[in-house]
Amino acid sequence: MKKTNVEILYEWLDNTAGIIQQHVNEPYLDSLIYTMEILFEKHVPEDLEEILSKKLQSNLNEVDITSYTTEEIRKGIQLAVLKGMKDSTQQQHLMTPETVALLVGYLAEKLTADKEEVRLFDPASGTGNLITTVMEHLKQKNLIAFAGEVDPTLIQLAVLNANLQQKSIEFFHQDSLRPFLLDPVDLIIADLPVGYYPDDVQADTYELKAENGNSYAHHLFIEQAMNYTKPGGYLIFVVPDFIFNSDQSDKLHAYLQEYAHITGVIRLPESAFKSEKNIKSILVLQKKGQNTRSPKQPLLAQMPSFKNTTGMSDILKQMNDWFVTYQKEMKGNE
């Protein structure tokens with residue numbers, strides 16, 4: 001069987017990263033960063049030992065990045081990053097599953113369909129896979145994108161991922177629960193980091209801080225995202241399934257009632273996750289504004305297995321129908 005372009009590019013990235021690893025004894029993800037830099041610059045640095053330099057130049061001569069589509073580039077990089085993450089023990093080195101990222105992209109496109117300009121922000125961008133997937137879905141010519149990430153390895157991968165896809169994103173390398181130099185945006189997307197936030201002093205500045213002990217990072221991220229959303233703007237979060245049943249959920253409920261309209265909750269299929277405790281949902285919010293109100297009926301859906309094509313097409317039809325009704329409702333508010 002003929003290999004797809006995605007497979008060909010992945011194998012090139014994997015093979016080149018492997019060559020670098022053999023020579024410089026770096027972790028796979030760091031070698032992948034180096035590989036992506038060479039691919040983007042179309043140039044092998046001169047300060048390398050001769051054998052490595054010759055091998056890399058030979059590999060570079062075999063690839064023409066301009067012959068790949070942005071989606072092929074994104075997916076090829078995604079496969080190489082996933083391989084690196086399997087070897088990595090760090091919990092934050094995880095990637096939003098492809099089908100989930102595509103679903104967030106679909107929702108983002110529907111929610112911003114009437115806008116000519118969209119300012120987009122992902123405060124927990126990781127390797128940039130989610131934000132670049134969403135950007136591929138958005139049709140606006142005037143799309144301005146921002147991303148925040150604290151992990152140095154992940155942000156390097158994200159910047160190169162965006163560069164190779166020729167996507168313009170302004171990155172902030174910082175703790176995303178500290179203030180950003182950023183004007184409010186129309187749309188926030190995030191696969192929320194789950195767990196406790198270690199900086200109690202910073203957590204203390206949030207309404208959603210815990211009364212005792214560490215606060216939940218995923219709650220603080222929701223509040224932080226709300227701070228950087230325009231009134232009437234939307235937020236799409238990939239959240240842990242237990243978010244509304246945890247010990248600090250009463251506070252979250254009250255906060256959302258005060259500041260947001262719950263536009264939709266989509267429960268992802270259990271088959272997409274390794275165990276029950278890892279199951280996630282997609283939470284869609286609209287920040288309250290002067291002319292906003294809650295939908296008469298929020299979008300509530302249980303996604304079937306992503307392999308169930310009939311079930312998937314049925315649920316997408318229901319979601320499309322819901323959006324037609326919702327958009328008419330929202331126009332009536334203006």
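Biologist: How is a pair of aromatic rings described?

Modeller: A pair of aromatic rings is described by two quantities, the distance of the centres and the angle of the planes. In this predicted model, a search of the whole structure finds nine aromatic pairs. For Tyr255 and Tyr259, the ring centres are 4.6 Å apart and the planes stand at 45°, so this pair is tilted. An angle under 30 degrees would count as stacked and one over 60 as edge-to-face.

Biologist: Where do Tyr255 and Tyr259 sit in the secondary structure?

Modeller: Both belong to helix α10, which covers residues 249-259. They are four residues apart there, so about one helical turn separates them.

Biologist: Is Tyr255 buried or exposed?

Modeller: Tyr255 has a relative accessibility of 5%, so it counts as buried. The cut-off for buried is under 20%. Tyr259, with a relative accessible area of 26%, is partly exposed.

Biologist: Which residues do ring pairs link into a cluster?

Modeller: The cluster consists of Phe121, Phe146, Phe172, Phe180 and Tyr228, linked by ring pairs.

Biologist: Now the helices. At what angle do α9 and α10 pack?

Modeller: Helix α9, residues 217-227, packs on α10 at an angle of about 15°, and the axes are 11 Å apart. Angles under 35 degrees count as roughly parallel, and α9 and α10 are therefore roughly parallel to each other. Their crossing is left-handed. On the α9 side the contact is made by His219, Ile222, Glu223 and Met226, and on the α10 side by Ser249, Leu252, Tyr255, Leu256 and Tyr259. The two tyrosines of the tilted pair, Tyr255 and Tyr259, are thus among the α10 residues in this contact.

Biologist: How many residues of the contact of α9 with α10 are nonpolar, polar and charged?

Modeller: Six are nonpolar, two are polar and one is charged.

Biologist: How do α2 and α7 cross?

Modeller: Helix α2 (residues 28-41) and helix α7 (residues 152-164) cross at roughly 25°, and their axes come within 10 Å. That angle makes α2 and α7 roughly parallel to each other. The crossing of α2 and α7 is left-handed. Residues of α2 in the contact are Leu29, Asp30, Leu32, Ile33, Met36, Glu37, Leu39 and Phe40; α7 contributes Thr153, Gln156, Leu157, Leu160, Asn161, Asn163 and Leu164. By class, nine are nonpolar, four polar and two charged.

Biologist: Which orientation do α5 and α6 have to each other?

Modeller: The axes of helix α5 (residues 98-111) and helix α6 (residues 129-137) come within 8 Å and cross at roughly 45°. α5 and α6 are therefore oblique to each other. The crossing of α5 and α6 is right-handed. From α5 the contact takes Glu98, Ala101, Leu102, Val104, Gly105, Tyr106, Ala108 and Glu109, and from α6 Asn129, Leu130, Thr133, Val134 and His137. The contact of α5 with α6 divides into seven nonpolar, four polar and two charged residues.

Biologist: What separates the C-alpha atoms of Ser58 and Gly289?

Modeller: A distance of 57 Å separates the C-alpha atoms of Ser58 and Gly289, and along the chain these residues are 231 residues apart.

Note on methods. Residues numbered from 1 in each chain as written. Predicted model: local features only at pLDDT ≥ 70, side-chain atom pairs only at ≥ 80, totals over all residues. Heavy atoms only, no water. Phe/Tyr/Trp six-rings, centres within 6.5 Å; stacked < 30°, edge-to-face > 60°. Helix = DSSP H or I, 4+ residues; strand = E, 2+ residues; numbered from the N terminus. Buried < 20%, exposed > 50% of the residue type's maximum accessible area, 1.4 Å probe, protein only. Axes fitted to C-alpha atoms, helices over the stretch in contact; angles between N-to-C directions. Parallel < 35°, antiparallel > 145°, perpendicular 65-115°, else oblique. Left-handed = near helix turned anticlockwise from the far one by under 90°. Contact = heavy atoms within 4.5 Å. Nonpolar A, V, L, I, M, F, W, Y, C, P; charged D, E, K, R; others polar.
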